[in-house]
Amino acid sequence: MGTIETEANPNLLGVNVTPNEDSNATLPNKEVMIFVLGGPGSGKGTQCSMIVEQLGFCHLSAGDLLDTEIKSGSENGTMIQNLKSKGELVPAGIVVKLLMEAMKNSTNKKFLIDGFPRNMENLAAAQKIMKLEPDFVLFLECSQEVMIERILGRKQGRVDDNSETIKRRIEVYCESTLPVISYYRSKGMVEMKVLLPIPCLVLYNIIIISGNRILTVRNLLKKCLTLSRQLSPSSNSEPAGKTTLRGFKYGTAWP
Ligand SMILES: Nc1ncnc2c1ncn2[C@@H]1O[C@H](COP(=O)(O)OP(=O)(O)OP(=O)(O)O)[C@@H](O)[C@H]1O
Ligand SMILES: O=c1ccn([C@@H]2O[C@H](COP(=O)(O)O)[C@@H](O)[C@H]2O)c(=O)[nH]1
């Protein structure tokens, strides 16, 4: 996969993360890397928790790492808090540094990166500084009305869960994050869009890890159908190679 045209100039990223000989810029080998993207309140954290529970990934939420940084009282904490409370994005270099540290410290090398990259500058930093490419991007599509309803219903006391900031977060998502999703889509890396209303059904749409391969239930089913038709084409009225999802019911057990 190629990289984007935008130059990730480390000097413009807010923090010096220029790779050097002994820096932590070289990330340890990852086994699997999934980026989880979607609008605010689309369910990224919820899905990640379920994937962690069921499949044992290391979940790294960029937003949570920033919260930890705020609480640590670091020199960047106040600036991060201000940006977050306004719904604005934090400079890429800060997020990149936090993510790299967390990845390096994790013994679990199956990563779910939640809420990053958020804009094209983040994407350039991920590619050029972190040398980070996802195996695929899980995109949780959700209408703005549902996102707003979910955030207002969440009641976790977040500084950015108020009507004014939610409006700005959605604007930032549309202006800055959707182009990232379009980029990955243009590379054929957006594995799924999810419109399902119930968290467990969303998770059920995913089946992960067969060796180091990642397949959605949908794709796995397509492959099985294709294979079964190739093996005994006469047993099926549909043309060989054409797959259908007819007959698949959510809630039925998948081996
Ligand atoms: N599929 C779903 N159906 C109904 N409610 C959901 C679903 N997924 C998540 N929720 C609820 O919506 C709220 C927002 O979900 P969550 O915190 O996972 O979103 P998020 O994308 O991580 O948000 P943010 O970007 O603001 O951190 C939570 O209260 C969660 O319980
Ligand atoms: O890569 C990132 C991730 C997050 N932010 C800031 O944090 C908040 C909340 O993020 P969630 O992922 O929705 O919890 C976001 O609005 C940004 O202010 C960021 O700047 N960069």
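## Legends: the chain and the site of ligand 2

View 1. Of the 255 residues in the protein chain, 44% are buried, where buried means under 20% relative accessible area with a 1.4 Å probe, protein chains only. The secondary structure comprises nine helices and seven strands, taken as DSSP runs (helices H or I, at least four residues; strands E, at least two) numbered from the N terminus. Among contacts (heavy atoms within 4.5 Å) between residues at least 6 apart in sequence, 75% join residues at least 24 apart.

**View 2. The shell around ligand 2.** Ligand 2 is surrounded by 15 residues, the closest being E88, L89, V90, R118 and R158; a residue is counted if one of its heavy atoms lies within 4 Å. Helix α2 (residues 62-71) contributes the most to this shell, with three residues.

**View 3. Polar atoms at ligand 2.** An oxygen atom of ligand 2 lies 2.7 Å from a polar backbone atom of V90, and a backbone N or O atom of G115 is 3.3 Å from a ligand 2 oxygen atom. In the side chain of R118, an N or O atom is 3.0 Å from an oxygen atom of ligand 2. Ligand 2 taken alone exposes 450 Å², of which the protein buries 95% (Shrake-Rupley areas, 1.4 Å probe).

**Notes.** Residues are numbered from 1 along each chain as its sequence is written, while chains are lettered from A and ligands numbered from 1 in the order in which they are written. In this predicted model local features need pLDDT of at least 70 and side-chain atom pairs count only at pLDDT 80 or more, whereas totals for chains, interfaces and linings use all residues, and side-chain values use heavy atoms, leaving out hydrogens and water.

How values were computed
Buried < 20%, exposed > 50% of the residue type's maximum accessible area, 1.4 Å probe, protein only. Polar contact = N/O pair within 3.5 Å; in protein donor to acceptor, adjacent residues only side chain to side chain.
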